[in-house]
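Hi everyone, thanks for making time. I'd like to walk you through one model today, so let's bring it up on the screen.

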Amino acid sequence: MFKLSEIIKSIAVSAWFMFLTFPILVIKVNTYEKTIDWRWKNMILIGIASFFLSFLWRYMLKQKEYGSDKKKSKASSFFKNTVKNPKFYTSSIVLILCLIIAFPFVFSIYQTNIMTSALMYVVLGLGLNIVVGLAGLLDLGYVAFFAVGAYSYALLNHHFGITFFMALPIGALLGAFFGILLGFPVLRLKGDYLAIVTLGFGEIIRLILENWNDFSFGPSGIANIPKPSFFGINLSIYETTTYMYFIMILLVFLTVFVVNRLEDSRIGRAWIALKEDEVACQAMGIDKTKTKLYAFATGAAWAGLAGVVFAAKTSFINPASFTFLESAIILSLIVLGGMGSIFGVITGAFIFILLPEYLRAFSDYRMLVFGAAMVLMMVFRPQGIIKKRRRFYKISDSGGKKQR
Amino acid sequence: MEYFAELFLGGLTRGSIYALIAIGYTMVYGIIELINFAHGEIYMIGAFTALIAASVFNFLGFGQITVFLLATAVAIIYSAAYGFTIEKIAYKPLRNAHRLSPLISAIGMSIFLQNYVMLAQTSNFVRFPKLIPDFEFIEPVAHIIGSSEIVIFVVAAIVMLALTFLIKFTKTGKAMRATAQDKTMAMLIGINVDFIISITFIIGSAIAAIGGVLIAAHIGQINFYIGFVAGIKAFTAAVLGGIGSIYGAALGAFVLGWTESFATGYVSSDYEDLFAFSLLVIILIFKPEGLVGKSTAPKV
Amino acid sequence: MVKKIKSRFLLFFLIFALFGFTVFFTSAKLSIAAEPIIIGIAGAHSGDLASYGIPTLRAAKLIIDEKNAKCGINNRKIKLLAEDDVCKPEIAVNTATKLISEGVHVVVGHICSGATKAALGIYKDVKIVVISPSATNPALTKSGNYPNFFRTIAPDDVQAKLEVDFAINILKVKKIAVLHDKGDYGKGLAEYARNFIKESKIAQVVLYEGVTPGAVDYSAVVQKIKRKKAEAVIFGGYHPEASKIITQMRKKRMKTIFISDDGVKDDTFIKVAGESAEGVYATGPKNTSNNPIALKAVSDHKRVYGEDPGAFFLNAYSAVLAILNAIEKSCSTDYNSLTNALKTEFVATPLGILKFDDKGDAIGVGFSMYQVKNGVFVKIKQAL
Amino acid sequence: MNPVLEVSKLSMNFGGLKALENISLDIFQNEIVSLIGPNGAGKTTFFNCITGIYTPVSGDIFISSLPQKTEKENICGLKPNIITKKGMARTFQNIRLFQNMTVLENVMIGRHVRTHAGIIASVLKLKKTRNEEKKIVDDSYNILKKTGIENFANEKASTLPYGAQRKLEIARALATEPFLLLLDEPAAGMNPAETIELGLLIKEIREKENISILLIEHDMKFVMNLCDKIFVLDYGKKIASGTPDAIQNNPVVIKAYLGEDFDFDA
């Protein structure tokens, strides 16, 4: 099975990595005390590990190139049949619903809390998915709208005592407003120019929040943001967490519902067409400007909504929570989950938010593993975990009937 | 007037550093249309390798200039090796995938490399050895400009000239230009596209390493996170100038450096970055292809 | 068919929702009267700020191992529960909920003010006492919002006051540039410093600006300091930015006095800034290294971990001692008796004999001014 | 009676290059008109100018959707989507389908401009919107049937055979309800049988839908058999116009094509 050439190749790879990691992994210098620490053990470890991993790497790449098509189609058709089976479908949905409802009562407040975070990222992901996944506009400053939502609740509550439930629509509207505000100037830009301008926009919002103390209280942030109240009853922290969880579940349902409807509508099709071919899209009579602005506004509205929840959940916000890295994470989770697919985005959000939490045991290594996982995931499954499902329309001869 | 000159020079220093990093971004973008987010990390690894190498060479008792040159050489070699390897691992398998996939891969690579250096070395700031010798200047110049600034301008200028020569006149340079224009066509006329892409990564990374060594020697400290901020700024510079163009990257870098320097000097450093990003947004709104980018009518 | 499925879903959903809400409101809060006393240690234990969080963890371990060797407190063993918050508010919320869901009785932490602010609300709701060795934001105690919060470090305004008084009264400077790193801690401190200078009416603030952390060079700000003819710079922030600024200032041959805070009074600052650090003033916790408990704590740390303790080690040591003392004296982990004990009972710590005031600040914990001399921080004699 | 399209003195430059120079032409209702000329003559540029993708340097483009109407409308310089909305639809020389959408969805995109549901309506999906959606699917499917590619309705557009892709482009353009259809090399890459079929389709569109057609084509046999009128472009100038017979015998045209070693009977 292992040919000599393969082994030689792996030895070469192993030697290369030993060379590559030599200064960083082996030598540790103390520039102050002027001592040098040689850690040869690391080099040996790297050598052995890369020798074996290179076999695995090549095997996986080959697997990806062929073979995968055949096997998968079989597996997926089996999967499809099971999923299509209405009995299975119903019972699984019921099961999932049960799980969702039982979750906070079965698991600890901590689990509920991080699940709420994950759900928040589901909403964020689905919102950004409208902009990137559907309309194909690469937005690297999405976190700005998240910040807008969070600050609108925090500030309105601080100054005018606006409650959480009043802030939700306000946050969403302000998010949408800022979406349009960003949308207008960048309409002419394409691809990566758009990406960098949105990145710049995100940074500008953060910098304003950081420096304009009179408005945003600067980096010391806003504390004591109240959690939502339950018809005026004071809830304990356990109950509040459960309550937040259910609010978030409802918001996720709302988001999925709305995004699904949008995707399957005249506007949604226009977004997808815009992503496919801008020139043809315009030639088909679609107003590019309007369609893009719709995408920015609807996408940003969800970020605003999630921002309000974030502020309530954390009870303290400052600009440091809204950095570019956050945008990158939201973008990554939708690409990793499967761009354009609602189910994929949900999966991506859960993996991205829960994985680092559960990797806490590895503490120091978790971000390392996280970064490596992102790369490997893209290399071996660039379309994301879940592929976008195509929508079919069933047509009878009398005309069309639609089937999902 | 003296104040103006000082700010101008400060901007020039910043601009030179941004330019050295931005060139790598713009070259990679020009050839495979990828925002290589891990490029800032290459710069950081360059600085770290130089630090380690310099310490070892200092330990062995070499003279200051020798250490400087040797450490820079080691940094260049290692950064180039990292750039080469990253391309092979994280981008090459994705060449036919959707455009966003390599971008995510790049972000992942960036996170990985930061943590790799943090775990293998330290999360603290470390002192960077004094590599650039102090020339004795006579007042009133001495308090305006130091030797590290001069070295930075000179090296940046030499690198840019050499790169221009390489791209304009050598065979590899021509092949790079051809690949950037049309990959399929380049392949058809017998250019080894994979090789050219590797070369691009190697050159871009080597230049970033030079930037890393110079700036680390200038400010005297590094940690694993320095690549991120510098990377974003350099990327901004590359886009500002018109991504894909080397002149553009250099021009964008200097414009950005001066903007930041003058904004700090005449307005407030509170809004230094705000000015930088606002300038970017404004320029792109009025000139969507960047400063030197050519506007192309859509091909229909 | 589709409609039928949909209606069935709805039914199921309603039933389960009903079930869920009944459980939700009937489920009583379980209070586990577990045998050991569980102390939560929250702070940055990984990532780039780990160096601020790890010393607290180690201090707690040292004390608790010792106590457990002697049958614990009131015959109850003590258990440590460390949780990482990487100093981020949003993560701190998760950390806090994790700690309370695992039934901690008291919490030592968090390390950063922002994370502390975010987590405190949660602890407050379940009535858990929190004692921080390093969260210096004045509002934490002064706002009165968090009666469950205590700290063994003086708040930032005390520090800012000391810096300003020192600059004006001892160094007799008239023109001061106030800089900060745009961060929660640095900017807060700088703001206090600016206000104190204004109130003094003796000196004036010639420059008040934030520098961008991580920027490739600070020459423009440095030029500005020079142009404004500032005699002294008061900087609020951490040592990486401080060392960059001071290095560039000295390179430009400026002899401007540099005064900073306990974020800078760290050996790393001297290591990184090298000869430029010489002469820099920085405030830091009062030097109590001759205190016998402090001597013991440091030597224990060296024995166990083989190195000198890091930032806020003594503060953390004091915090753990104070909370354990309160538990011991009140014979319980009950919230009211604990807070009462903390406010009434004195405890001997490395920082001296302490008790806490009504707002939660430790009485007697303060700052001293230090100066870098020959590569070490030396306490300034002419005390205020 | 007004021409449905009246172009007068249209000029277009790229840098210093004069791509189009003072082109004038008219198309009347129910005409099939062809625009021919050697490669690089400016035919596609002309299309791009009148469909709003390029903004001409000078000249006027008038349309009148209803021939009985006396007033005509200048559409020069309007955005492509507005022009499509006013009733001119086009196909592209290098096929520009929405590759990852299904065939039916491609046509449904064409219906966009004639339908109205906005964001809120799409989310609420009230009866009106539901009916509109249903009508979009029905109409689109009917158009597919007309063009004879209804069997592919649920296929991904990129998987279609070449000829069917060309037809899909026409179907998509028809879905916008134009009064004038602009076809850019609709027969390119088709085999003879497909070309004949295409000719029939174009004629049918004219007769049944009352749509005038302007097309660019290199297949001279196809053009001569199909068209009522031909305009010839060369180096950005109109060098001839007239019936197929007149064009075939026009010495200027022959000369323009000579360089390409051209034979009209090919």
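Let's start in chain D, where strand β1 (residues 5-14) and β2(D) pair in the antiparallel sense over 7 bridges. Two strands pair here if DSSP finds at least two bridges between them, and helices (H or I, at least four residues) and strands (E, at least two) are DSSP runs, numbered from the N terminus. Within β2(D), Ile23(D) is the bridge partner of Leu10(D).

A quick word on conventions: this is a predicted model, local features need pLDDT of at least 70, side-chain atom pairs count only at pLDDT 80 or more, and totals for chains, interfaces and linings use all residues. Residues are numbered from 1 along each chain as its sequence is written, chains are lettered from A and ligands numbered from 1 in the order in which they are written, and side-chain values use heavy atoms, with hydrogens and water left out.

Back to chain D: which order do the strands take in the open sheet? The 4 strands run β2-β1-β4-β5, with antiparallel pairing. At the edges sit β2 (17-27) and β5 (73-74) of chain D, each pairing on one side only.

Now over to chain C. Strands β13 (residues 367-373) and β14 (residues 376-379) of chain C pair in the antiparallel sense over 4 bridges. Gln371(C) has Val378(C) as its bridge partner in β14(C). β13(C) and β14(C) form a hairpin with 2 residues between them, and Asn374(C) in the turn has a positive phi of about 50 degrees.

Finally, confidence: chain C has a mean pLDDT (the predictor's confidence in each residue, from 0 to 100) of 83, and 90% of its residues reach 70 or more. Thanks, all!
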